[in-house]
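Here is a walk through one structure, from the meeting of its chains to its salt bridges and cores. Keep the viewer open as you read.

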Amino acid sequence: MIEIRGLAKRLGRRQVLQGLDLDVRAGETLVVLGPSGTGKSVLLKHIIGLMKPDAGSIRIDGEEIVGLSEEQLNPVRRRFGMLFQGAALLDSLTVGENVALAMQEHARGLDEAEVRRRVIERLEWVGLQAAAALKPASLSGGMRKRVGLARALAMDPEYVLYDEPTTGLDPITADVINQLIRGMQKQLHVTSVVVTHDIKSAYTVADRIVLLYQGRVMFDGTPEETRRTDDAMMRQFIEGSSQGPIQPV
Amino acid sequence: MASGVTPDDIALKGVRYASGRLGDSLAGVGRAATMMLEATQVSLRRPPSVRLIAQQMGAIGVDSLWLVIVVSLFTGAVAAVQAAYQLTSVVPLKYLSGVILRSVVIELGPVLTALVIGGRVGASMAAELGTMKVTEQIDALRAMGISPMRHLVAPRVLAAIIMLPVLTIYADAIAIFGGYVVAVVVVNVPSPIYLQGLREFFEMKDLLSGLVKAVFFGSIIGMMGCYHGFETEGGAEGVGRATTMAVVSSCVLILILDYILASVLFRIIFA
């Protein structure tokens, strides 16, 4: 379980997060919706300790991670997998080496054959076992995200964070990614936080949906409640209207 | 004056600007040094992989060798032409090779190699790491619990520290050979005389001082390439800026450090 209390972060002149409170319950898939620039990615980066908050607390299964050093954060991070917006594959390595990287770093007891077996298994999960020897530069955007997902799952994480997993993909590829996220949850029982502004993706993968605006949670409900809500902000976001309480930036 | 701007105001502005720039530069050097300290601490706890260091040694050393060969061949040739011009009819010709030898080994070899490698390698390090930074690859490493200091910085700095003295030895030898060719073919110094001069004027401490310099220059190149790469912000423009800064700062620091090292080495240690 992830408990976030009073999280505040200023970037330059902009107060991105202003006292955000949010719980992510064990085993659920939480989708964080919100217009661009409301701090969704910033929130994810705080959960995994890539950014330090100005104020507030983040507890992972009761353990406070705010204030930990890089070295102290590493054991916490090992329990996480993260899919970055642009997949962030290391372009000097092949697809297979990208997936193997964390295993080689953390599980030194594994022999090479076992690492290779695990890499192939994870690439099979995302349907890319044939791409193991390719460099990321030769993959399409959708393929790169799938490799990113395979890499995020390399160390059997308890938590997976997705930063806009379907952004920039065609609707069919986006659905492939959505089904993968859904499938991973059913098979591996991970707790997931998905940051997106893709409503269709949110309905497909979410157990619970929250709306982030101006650095705070403005709506919290199941996909069904979200569909039927008369909350003005959530409605405006679902309908994709420029008229309403959410001011376009 | 009508505009109300006096020459004093302009001078004051100039001083403020210059002191501001100097302050920024010093702060940058300080932050880079802090980063090196962190990389050292992390690597002492668990050393970086030998494969990564070897990879960087290839990129810094082997891939730069052709450049070092061309640069030092002509450096030696120019040294021969210049020395011949200044020495002819003043001192015996065997001093020609002595002048070339000592200027190459003490100064030209290490410094020119460092400047050339600083340009080539510093730029490519800053561009590669800067691109990794803006495409979140460095964040991805951290998110996997892999220290970018150990995985990216330490192998680069270590490889630069190891390879710069090696390249400098090549540069010294090739420059002396370049000088030999010009001396024998153009200036008509008999080959045995040139070689005799080399033997007479060679001093181990000259060679060592050049190699000590090279070690320091290597650490500067690695440090500046990594630091500016990691500081990159804001897309392609940021990567361009980081690349320029890495080259400019390492060249300036190499020349400043060269003076400091020369003072320390020849006035204190080898005095």
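**Salt bridges, interface and cores**

Arg156(B) counts as buried, at 4% relative accessibility; buried means under 20% relative accessible area, exposed over 50%, and partly exposed in between (1.4 Å probe, protein chains only). This is a predicted model, in which local features need pLDDT of at least 70 and side-chain atom pairs count only at pLDDT 80 or more, while totals for chains, interfaces and linings use all residues. Residues are numbered from 1 along each chain as its sequence is written, chains are lettered from A and ligands numbered from 1 in the order in which they are written, and side-chain values use heavy atoms, with hydrogens and water left out.

What does Arg156(B) pair with in a salt bridge? Its partner is Glu128(B), with the closest N and O atoms 3.1 Å apart. A salt bridge here is a side-chain nitrogen of Lys or Arg within 4 Å of a carboxyl oxygen of Asp or Glu. Glu128(B) sits in helix 4 of chain B and Arg156(B) in helix 6 of chain B, so the pair ties together parts 28 residues apart in sequence. Helices (H or I, at least four residues) and strands (E, at least two) are DSSP runs, numbered from the N terminus. Glu128(B) is partly exposed, at 34% relative accessibility.

Chain A has a bridge of its own. Glu158(A) and Arg79(A) meet through their side chains at 3.0 Å, N to O. The two lie 79 residues apart, Glu158(A) in the loop between helix 5 (141–152) and strand 7 (159–163), Arg79(A) in the loop between helix 2 and strand 6 (80–83). Both count as partly exposed: Glu158(A) at 38%, Arg79(A) at 21%. Over all chains, the search finds 33 salt bridges.

Now turn to the interface. Here 22 residues of chain A are in contact (heavy atoms within 4.5 Å) with 17 residues of chain B. The buried area is about 1900 Å², and carbon and sulfur atoms give 49% of it. Buried area is the accessible area (1.4 Å probe) that two parts lose on being put together, summed over both. Leu50(A), Glu71(A) and Glu105(A) supply 26% of what chain A buries against chain B, more than any other three residues.

Six salt bridges run between chain A and chain B. In one of them, Lys45(A) bridges to Glu136(B), the closest N and O atoms being 2.6 Å apart. Glu70(A) and Arg142(B) also form a salt bridge, at 2.9 Å, N to O. Glu70(A) belongs to helix 2 (residues 70–77) of chain A and Arg142(B) to helix 5 of chain B, so this pair joins two chains. Glu70(A) is partly exposed at 26% relative accessibility, whereas Arg142(B) is buried at 15%.

Last, the cores. A nonpolar core is a set of buried Ala, Val, Leu, Ile, Met, Phe, Trp, Tyr and Cys residues joined through side-chain atoms within 4.5 Å. The largest has 45 residues; Phe217(B) and Phe230(B) are among those with the most contacts inside it. Helix 3 (95–106) of chain A is one of the elements that each supply at least two of its residues. Helix 6 of chain B gives the largest share, ten residues. A second, separate core of 44 residues includes Ala87(A), Met103(A), Val119(A) and Leu180(A). Beyond its neighbours within four places in sequence, Phe217(B) has contacts that include Pro110(B), Leu164(B) and Leu261(B).
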